[in-house]
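This briefing goes through selected local features of one model, grouped by topic. Please read it alongside the sequence and coordinates.

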Amino acid sequence: LPLLLKATLLRLASGSYHPFYNGFYYNHIMNDNDDGQDKVDYFSGARLVVETSRDPVYSYSTANVTLPCHYRYEPDQGPKRKIRIKWSKLRDDYTKEQDVMVAIGKTYMAFGDFKGRAHLRQASRHEASLVISDVRLKDDGKYRCEVIDGLEDESDVVDLRLKGLVFPYQPPRGQYRLNFHEAEHVCQEQGAILANFNQLFQAWSEGLDWCNAGWLADGTVQSPIRLPRKPCGGVHLAPGIRSYGPRHRHLHRFDAFCFSSALKGEVFYLDRPAGMTLEEAKQSCQDAGAEIARVGQLYSAWKFLGLDRCNAGWLADGSVRYPIVTPRANCGPAEPGVRSFGFPSKGRFGVFCYRER
């Protein structure tokens, strides 16, 4: 039996017999001693090349986006069988992949949260681009486009980044009251998700300065410092993002850094001469065919739609805030931002409402 197996392998290596030929040739060369140990493996024939965008692809929540991917053969040739295309979403550390979809010919299947939202665009020969509709905040990240043709398997990675902003969040109970899972929940309640490090770094580079430490999506705790000062690690430390490293997700408590994207709808302000209680504010938004705005929606309207209002208004979490694009007298500090009055138990204010377009 060993002699028969060896004879069969030699026959396959000789190139005279290709029962599974798909356009590729793998020549198997034995060493001089003919002892069954490989001397060299080499590939001759067409080489499969997969290419995606070198630059990040930018989108925003609720939009449709196309992640480009094309493949080719060098030298050029058509595949001898239907190829298989697979798209996966990567973690930042590349240790785990989330299946997005697989396709063979015109047959495809999407998985998990991508069901009904992901399909291939094959508008041209050798195209394998991924179309994601109704983009969600957690779609932000790196995606792998993998093309399999017989024994050939090549891939490339494209980065999808959502246009958005990071904002720090404390619950009504006060500073450092959230474990990791509670931080995830409060961000979702505010129309956002926990930010990742890249999003926090981008926000810091754009001016975010926040002394309180907050959770990120990877379970680490960070604090972005633009102006070093004594309460924030000392005046002698350089500006940067202070890291507490990974913390216990159940036992340790901090604030949260939330990420919100550009809006599909609009945020507008309502008021009455005597102001409104929180419950009256919610009803006023409903009467206007809207709902009371969440914190993430107010930040997004300030950042991307230029909402500038020097009047305080209720938000859905019971906080009172107002957005300032152009600082001016009697409107708070000299820098643009979203000002907060905290969570007043009493008082009458206007309200910020959100309405889908």
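In this predicted model, leucine 67 stands opposite leucine 130 of strand β11. The strands concerned, β5 and β11 (residues 129-132), pair in the antiparallel sense over 3 bridges, and they belong to an open sheet of 3 strands with the order β5-β11-β10 and antiparallel pairing.

**The open sheet and the loops beside it**

- β5 (65-67) and β10 (118-121) stand at the edges of this sheet, and because each has a single partner strand, one side of each is left without a neighbour in the sheet.
- From one strand to the next, the twist averages 30 degrees.
- Histidine 126, placed in the loop between β10 and β11, has a positive phi of about 65 degrees although it is not a glycine; with a relative accessible area of 9%, histidine 126 is buried, since the cut-off for that class is under 20%.
- Threonine 62, in the loop between β4 (57-59) and β5, is another residue other than glycine with a positive phi, here near 75 degrees, but threonine 62 is partly exposed, with a relative accessible area of 27%.

- Within helix α3 (residues 197-205), the residues Gln199, Leu200, Ala203 and Trp204 are buried; they lie on the same side of α3, because they cover an arc of only 140 degrees around the axis.
- The cover over the buried residues of α3 includes β14 (164-169), β15 (193-194), β17 (220-225), β18 (240-246) and β19.
- The N-terminal end of α3 is capped by asparagine 196, which has a side-chain oxygen 3.1 Å from the backbone nitrogen of asparagine 198.
- After α3 comes glycine 207, with a positive phi near 120 degrees.

**Serine 260 in strand β19**

- Serine 260 is placed in strand β19 (residues 255-261), and its relative accessible area of 3% makes it a buried residue.
- The side chains of serine 260 and serine 300 are joined by a polar contact of 2.9 Å.
- Leaving aside residues up to four places away in sequence, serine 260 touches Leu137, Lys163, Gly164, Leu165, Phe167, Gly191, Ala192, Gly296 and Ser300.

**A cis peptide bond**

- The peptide bond leading from glutamate 74 to proline 75 is cis, with omega near -5 degrees, and proline 75 is found in the loop between β6 (69-74) and β7 (84-90).

Definitions and conventions. Residues are numbered from 1 along each chain as its sequence is written. This is a predicted model: local features need pLDDT of at least 70, side-chain atom pairs count only at pLDDT 80 or more; totals for chains, interfaces and linings use all residues. Side-chain values use heavy atoms; hydrogens and water are left out. Helices (H or I, at least four residues) and strands (E, at least two) are DSSP runs, numbered from the N terminus. Buried means under 20% relative accessible area, exposed over 50%, partly exposed in between (1.4 Å probe, protein chains only). A polar contact is a pair of N or O atoms within 3.5 Å; within protein, one must be able to donate a hydrogen and the other to accept it, and residues adjacent in sequence count only if both atoms are side-chain atoms. Contact means heavy atoms within 4.5 Å. Two strands pair if DSSP finds at least two bridges between them. Axes are lines fitted to C-alpha atoms, for helices over the stretch in contact, and angles run from 0 to 180 degrees between N-to-C directions. The arc is that of the directions from the helix axis to the C-beta atoms.
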